[in-house]
Amino acid sequence: QFPPKIYPMLFQNNISCIDDFKHMTANDLYLICQEDYSLTMQTYFILKENGIVFDDWQDKFIFEILPEKNAALLWKKHKISMLSQMPGCSECMLKESLSSSNSFAAAMKELLSFG
């Protein structure tokens with residue numbers, strides 16, 4: 001189920017089964033994916049579908065908070081990958097703004113105007 005591009009990276013990191021991802025953070029996955037955000041996001045959602053829950057670390061990737069479609073759009077349009085890149089924004093604020101806004105673009109404009 002993984003994108004073909006990731007297999008050499010998994011091999012280099014001695015990862016041979018899904019259970020090897022247990023007790024990792026999303027940042028560990030990002031490093032395994034050689035800091036390829038799109039590949040990390042794809043792999044994250046595949047692992048999540050297979051019951052892998054990543055441990056917390058000091059920051060959160062946007063794809064850990066939002067559905068894949070919204071996280072991908074945020075990355076494509078604004079190159080935002082981490083919660084810390086959104087000034088004055090917490091996880092709760094991000095989820096609330098996106099759920100109450102009529103459109104994703106309007107919510108992003110509102111969130112990015114914080115400062």
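1. Y37 and F63 are both buried, a word that here stands for under 20% relative accessible area, with exposed over 50% and partly exposed in between (1.4 Å probe, protein chains only). For F63 the relative accessibility is 0%, while Y44 is also buried, with a relative accessible area of 9%.

2. This is a predicted model, in which local features need pLDDT of at least 70 and side-chain atom pairs count only at pLDDT 80 or more, whereas totals for chains, interfaces and linings use all residues. Residues are numbered from 1 along each chain as its sequence is written, and side-chain values use heavy atoms, with hydrogens and water left out.

3. The structure holds twelve aromatic pairs, where rings of Phe, Tyr and Trp (its six-membered ring) pair if their centres lie within 6.5 Å, and planes under 30 degrees apart count as stacked, over 60 as edge-to-face and the rest as tilted. One of them joins Y37 and F63, whose ring centres are 5.5 Å apart and whose planes stand at 45 degrees, so the pair is tilted. Because Y37 lies in helix α3 (residues 37-49) and F63 in the loop between α3 and α4 (68-78), the pair ties together parts that are 26 residues apart in sequence; helices (H or I, at least four residues) are DSSP runs, numbered from the N terminus.

4. The rings of Y44 and F63 have their centres 4.8 Å apart and their planes at 50 degrees, so this pair is tilted. Y44 in helix α3 and F63 in the loop between α3 and α4 are 19 residues apart, and the pair links distant parts of the chain.

5. One aromatic cluster is formed by Y30, Y37, Y44, F45, F54, W57, F61, F63 and W75.

Terms used
Helices (H or I, at least four residues) and strands (E, at least two) are DSSP runs, numbered from the N terminus.
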